[in-house]
Amino acid sequence: MSGLLILGAGGHGRVVADAARLTGRWTTVAFLDDRHADLGAVDGLPVLGSFAASKGLVGRYRQAVAAVGDNRLRLQVLKVLRKEGFELPSIIHPGAIVGSDVILGEGTVVLAQSVINVGARLAEGCIVNTGATVDHECVIGRGVHLSPGVHLGGNVIVGDRTWLGVGAVVRNGVTIGKDVMVGVGAAVIDDLPDGVTAVGVPARVVGTS
């Protein structure tokens, strides 16, 4: 076991920290946040400084994770942490179910009551949020956020940095492109190209993301 540094002490960061502590994998957990002067401590965990302080903490906290909701920014933070020499663990809440041959990329977070089934592949920096499900053989790109209650059928492909809103569902075999925004409660039954926003039941493209 070793120390874990969490970059981001907002709501998502608190959820990630809670999951990390429940695993028992780390002896020490701390935050970095650019609002550190106003925070002091969050949920009993210290806020040691701004994001820029990470470089000076590599020896003390061997592992780090980016708890940032913005998909593009989360990937940028992970890139910096990797360059600084941190290990980038995946964090799996003890209440999640992850199939034995699932591949999780560096810095991916799997939260409470979520399920990832056999053959799924998730790239780096993904968020599988509370109660989301990823069925068999899905392929999820870098920096994707599956919000609470999202459900993906089998063999779904989701491109890099795409965001699926709370309760969205995706029919099996559908491909969703990169940088797509899928609205809350949407039902995606057809493929979506890169860079669009889609909402409704069934989901329809209403603009660009």
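**Entry 1: salt bridges**

I started with a network: R82, E106, E124 and R142 are linked by salt bridges. For my own notes, a salt bridge is a side-chain nitrogen of Lys or Arg within 4 Å of a carboxyl oxygen of Asp or Glu. Before going on, I noted that this is a predicted model, where local features need pLDDT of at least 70 and side-chain atom pairs count only at pLDDT 80 or more, while totals for chains, interfaces and linings use all residues. Residues are numbered from 1 along each chain as its sequence is written, and side-chain values use heavy atoms, leaving out hydrogens and water.

I searched the whole structure and got 8 salt bridges.

Next I looked up R14, which forms a salt bridge with D43, their closest N and O atoms being 2.7 Å apart. That one links distant parts of the chain, 29 residues apart: R14 is in helix α1 (residues 11–23), D43 in the loop between β3 (41–42) and β4 (45–46).

R62 pairs with E87 in a salt bridge too, with 3.4 Å between the closest N and O atoms.

**Entry 2: helix α3**

Then I went along α3 itself.

Which residues of α3 are buried? I found N71, R74, L75, V77, L78 and L81. They cover an arc of only 160 degrees around the axis, which puts them on the same side of α3. (The arc is that of the directions from the helix axis to the C-beta atoms.) On the other side, K79 and K83 are exposed. Buried means under 20% relative accessible area, exposed over 50%, and partly exposed in between (1.4 Å probe, protein chains only). R82 is partly exposed, at 35%.

The buried residues pack against β1 (2–7), β5 (63–66), β12 (127–128), β15 (145–146) and β18 (163–164).

Last, I checked the ends. D70 caps the N-terminal end of α3, with a side-chain oxygen 3.2 Å from the backbone nitrogen of R72. Just after α3, G85 takes a positive phi of about 105 degrees.

Technical notes
Helices (H or I, at least four residues) and strands (E, at least two) are DSSP runs, numbered from the N terminus. Contact means heavy atoms within 4.5 Å. A polar contact is a pair of N or O atoms within 3.5 Å; within protein, one must be able to donate a hydrogen and the other to accept it, and residues adjacent in sequence count only if both atoms are side-chain atoms.
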